[in-house]
Amino acid sequence: MLSSAQLQEFANNYGIPLWGLDASIALVLAVAVFCLCGLGVVVLVYMERKIAADFQIRYGPLHVGWHGSLQLVADILKLITKEDVFPKKADPWIFRLAPAIVFLAAFVGLLVMPIGPGLVVQDLNVGLIYVLAIPSIGIAGLIMAGFGSYNKYAMMGSLRAAAQMVSYEIPRALSVIGVVMIAGSAKLSAIVGAQGIWHIILQPLGFMVFLVSTLAELNRTPFDLPDTEAELVAGFSMEYSGMRFAFFFFGEYIALMAASALTVVLFLGGWHGPGPEFLAPVWFLIKTFGVIFLAMWIRWTLPRFRIDQVMDLGWKVLLPLALLNILITGIVMLII
Amino acid sequence: MNEEFNLEKQEKEMPEQGKIVLEDGLGYALSVERKDLLKAASGLKEAGFDLFQFVAGVDYPDSIKLTYRVFSSKRKNQIAVFLKTEVPKDDPTVDSLVSIWPAADWHERETFDLLGVDFVGHPNMSRIFMPGDWVGYPLRKDYADDRIIVMDDGKKEKPAAKVEKAEAVETAPEKVPEAHQEQVQEAEDAKTDS
Amino acid sequence: MSKLEEIKTSEVSLDGLGVDISSNGDAGESRTDIRSEELAINFGPQHPSAHGVFRAIFHVDGEVVTKIEPKIGYLHRCFEKIAENRTYTQFIPYTDRMDYVSSMLNNWAYVLTVEKLAGIEVPERAEYIRVIVGELQRIASHLVFLTTAGVETGAVTPYMYYFDEREQILNLFEGVCGARLTYNYMRIGGVSADLPDGWLEDTKVFLKRLAKTMDETDKLLLGNYIFKKRMIGMVPFTAEDALKWGLTGPSLRAAGVPYDIRKADPYSVYPRIDFDVCTRFNCDNYDRASIRSDEIRQSMRIIEQAIEQIPDGPVKAEGIPKVFKPAAGEAYGHVEASRGDLGFYIVSDGTTKPYRVKIQGPSFGNLQALPAMAEGSYFGDVILAFGTLDTVFGEVDR
């Protein structure tokens with residue numbers, strides 16, 4: 001991270017060890033990303049409410065702030081002041097830890113997203129593997145939430161979540177291999193750099209598989225089996241209230257943001273766009289919100305599948321398609 | 001079986017079950033003794049009456065009359081028959097028809113719950129609406145409960161107990177919150193103004 | 001080809017929609033090898049899909065429900081006892097509270113039976129008004145059904161489209177009787193008030209609007225690929241079983257039994273009106289849902305004709321006092337309510353109050369078929385089967 005000679009000189013002058021400076025800069029950036037995340041969640045929640053309302057011929061939030069824009073603030077205040085209900089038979093530590101794990105797992109994925117040339121907290125060499133692997137820890141959080149709540153509905157919800165997410169990890173990971181083959185690197189900034197032509201054009205099949213399995217990973221309709229209201233009431237988050245519930249809620253939106261950003265990085269040309277270079281983050285944001293809008297559009301239009309149909313789709317359709325995609329990419333690259 | 005059902009035909013088809021008559025306000029009705037109920041019911045089932053609709057018990061001073069309604073989807077003229085029987089008050093038992101029409105299950109439980117008629121041979125003769133430990137059968141005429149409110153029909157003399165209660169309500173001091181009083185005042189002012 | 005023609009043409013072969021039930025409907029059979037320990041889940045009475053206060057114990061094995069034990073009675077108010085302590089007229093508002101999603105039809109079934117008992121003739125205009133408001137009520141009720149079917153599959157957007165239309169019906173009802181849910185509009189011998197000026201024109205405008213919305217929402221919900229995949233062939237019921245377990249109404253017709261009281265035991269002015277009895281074949285979740293959509297279209301036809309035919313005249317039979325004494329005797333009257341065969345069996349002893357009122361609620365009969373119908377299906381499908389039976393607990397528990 002420390003490339004600038006001035007910074008090194010600064011460290012030498014004041015007797016700060018290099019790793020300390022490195023760590024403190026990383027911390028500051030992480031906090032900055034965290035704050036941006038908070039802002040992003042506010043925007044996303046407002047956006048989702050307004051979009052859903054528009055789809056459903058109603059107004060959505062209207063009274064708190066300008067056109068209801070402060071509704072989320074009011075909601076958070078409500079959640080903070082709510083009684084912290086703790087089920088009598090729940091496992092205290094597992095129950096408490098679960099929301100934090102879900103939230104963090106969703107958040108850390110954002111740390112390696114290159115939102116512009118050089119604009120990244122930590123540009124890892126194995127960024128892609130990191131970004132696919134770390135958020136999957138969230139599954140553990142969901143299982144902990146279901147197990148720790150001592151509630152049958154929550155347990156069923158978390159088992160569904162685990163089965164679904166584990167199933168869709170595989171096609172999702174396989175679908176991006178084609179991208180890595182073309183870009184020749186698993187570094188996210190290198191993948192964006194390699195996209196003279198967007199990968200969605202070179203890898204349409206991979207994109208489809210990735211998008212569908214991303215929706216399934218995010219537990220959004222039509223794959224929102226873990227918290228189907230009609231069957232499992234609230235699924236794994238059944239016993240949570242107040243701020244604990246809010247962490248699940250925010251985690252969901254941050255995961256949506258991270259997954260959309262990843263889609264943009266891998267397939268939609270990242271920060272590339274017409275205009276001068278300083279517009280790069282703007283283009284990145286526009287594309288990310290485009291993907292988010294797509295996810296919301298799907299959510300508010302479609303019904304949901306049944307659990308066995310979800311499993312069928314993952315194992316019998318998406319997995320073979322992802323493998324086929326690798327095969328085609330390999331053959332084409334051999335020929336060219 | 002797809003033919004129309006009428007009174008002439010039923011004597012040919014179901015000679016043993018008794019005579020179906022046309023009753024005013026109801027339609028076809030077949031009255032049988034309690035011991036013949038199962039036989040009559042299976043005869044009706046064989047004659048194509050396949051949809052069990054309800055059983056109604058009516059509590060009379062010394063007996064409970066049961067009325068079943070069964071419907072035939074197979075008959076061309078889609079006809080229903082009321083099957084009637086009577087059980088004495090001191091021994092309110094009758095054969096269950098669940099073996100013939102499974103749909104009778106809940107209906108018979110309901111009649112047991114509210115009228116205390118025991119259906120012999122029912123797989124699960126328990127209360128269905130009321131709690132399991134409830135005492136008494138609400139639809140019996142002698143069932144007593146303070147919460148039952150008898151409305152007067154405006155023609156008869158009011159019962160004595162009712163009058164007392166009504167007076168008690170009237171004499172109770174009417175408490176109107178101050179805010180409301182103001183509103184009332186304002187409304188009256190507005191009236192006088194206009 | 002319109003929906004109606006489709007039904008007519010496919011009536012020839014009872015094999016129906018070509019759905020292979022055996023392959024995906026029976027979840028239990030193919031997975032016997034991975035059975036594990038059963039889990040008893042308490043469902044309701046405060047569950048979002050409980051449609052009121054339904055409570056059941058579901059025994060689940062993984063995702064497959066192996067046993068259902070329904071428990072009812074949470075909304076029991078014993079209307080039958082209340083009726084014995086009210087005069088004939090005083091009981092009308094109570095019928096509103098039975099099937100609170102289609103109060104008009106409850107009113108109608110009750111006053112129809114009392115009129116039969118007392119031998120009262122109803123003026124023709126009142127009969128037509130009853131047909132119009134009754135069919136509007138059926139549409140409103142089926143719209144509520146379609147919303148819940150959508151919500152239970154996770155499609156929350158069609159909800160608002162259907163409810164927007166229902167809102168128009170409630171506005172129309174507000175015009176005729178001032179109330180939006182519990183109408184108390186029918187009276188013994190007619191209806192409480194004549195239609196307001198221009199009401200029939202408003203209704204015509206509404207019907208045009210509804211036709212458009214129904215076409216749109218059919219594409220959005222009933223024609224949706226995922227919705228079909230969720231519903232077609234799931235939790236089927238044969239006509240024989242449906243009769244055996246006492247289903248009535250749309251659920252029975254979905255099994256292919258054309259039992260509609262408007263045709264089987266005609267009342268009011270239905271004989272003068274041309275309409276079809278909708279039927280389907282498998283009585284699976286999709287049939288039970290889509291038959292409601294077909295019935296809405298038939299109801300629209302009925303209303304259109306009734307508006308054409310409605311004569312002028314009084315809307316209430318003259319000389320009927322508020323308190324009257326029908327001769328001792330008994331009468332049974334029933335109407336095709338939106339959930340099935342809604343009947344009243346009234347016994348009179350010659351006084352001003354009925355001696356006994358037996359209410360035959362279609363939801364009660366339909367609900368008891370649920371265990372026989374849905375055991376061995378997936379949890380999600382059981383919820384849908386319960387939803388598509390369309391029970392209202394005000395009527396089950398009464």
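## A predicted three-chain complex at a glance

In chain B, strands β1 and β2 (residues 27–31) pair in the antiparallel sense, with four bridges between them. Welcome to a quick tour of this predicted model, for which the predictor reports an ipTM of 0.80 and a pTM of 0.82.

- The β1–β2 pair of chain B belongs to an open sheet of five strands, with mixed pairing and the order β1-β2-β5-β4-β3.
- At the edges stand β1 (20–23) and β3 (51–59) of chain B, each of which pairs on one side only.
- From one strand to the next, the twist averages 30°.
- For a residue-level landmark, look at B:Glu23, whose bridge partner in β2(B) is B:Gly27.
- Helix α2 (residues 37–46) of chain B packs on this sheet and touches β2, β4 (63–71) and β5 (80–88) of the chain. The direction of α2 makes about 170° with that of β5(B).
- Helix α3 (residues 104–115) of chain B also packs on the sheet, touching β3 and β4. Its direction makes about 10° with that of β3(B).

**A helix pair in chain A**

- Helix α7 (residues 152–175) and α15 of chain A have axes that come within 8 Å and cross at roughly 15°.
- With angles under 35 degrees counting as roughly parallel, α7(A) and α15(A) are therefore roughly parallel to each other.
- The crossing in which α7(A) passes α15(A) is left-handed.
- On the α7(A) side, the contact includes A:Arg160, A:Ala163, A:Tyr168, A:Ile170 and A:Leu174. On the α15(A) side, A:Met311, A:Gly314, A:Trp315, A:Leu318 and A:Leu323 are among the residues involved.
- By class, the residues of this α7(A)–α15(A) contact are 14 nonpolar, five polar and one charged.

**The sheet of chain C**

- Chain C has an open sheet of three strands, antiparallel in its pairing, with the order β6-β7-β8.
- β6 and β8 of chain C each have a single partner strand, so one side of each is left without a neighbour in the sheet.
- The twist here averages 10° from one strand to the next.
- β7(C) and β8(C) run antiparallel and are joined by five bridges; C:Phe344 has C:Ile359 of β8(C) as its bridge partner.
- α5(C) lies across β6 and β7 of chain C, at about 150° to β6(C).

**Where chain C meets chain B**

- Chain C contributes 36 residues to this contact and chain B contributes 29 residues.
- Elements of chain C that each supply at least two residues include α5 (103–118), β6 (329–337), β7 (340–348) and β8 (356–360).
- β6(C) gives the most to the side of chain C that touches chain B, with four residues.
- That side of chain C divides into 14 nonpolar, eleven polar and eleven charged residues.

**Confidence in chain C**

- The average pLDDT of chain C is 83, and 91% of the residues score at least 70.
- Residues 1–31 of chain C have a pLDDT below 50, and this stretch has 34 contacts in the model beyond near neighbours in sequence.

Notes:
Residues numbered from 1 in each chain as written. Chains lettered and ligands numbered in written order. Predicted model: local features only at pLDDT ≥ 70, side-chain atom pairs only at ≥ 80, totals over all residues. Pairing = 2+ DSSP bridges. Axes fitted to C-alpha atoms, helices over the stretch in contact; angles between N-to-C directions. Contact = placed C-beta atoms within 7 Å. Parallel < 35°, antiparallel > 145°, perpendicular 65-115°, else oblique. Left-handed = near helix turned anticlockwise from the far one by under 90°. Nonpolar A, V, L, I, M, F, W, Y, C, P; charged D, E, K, R; others polar. pLDDT = per-residue confidence, 0-100.
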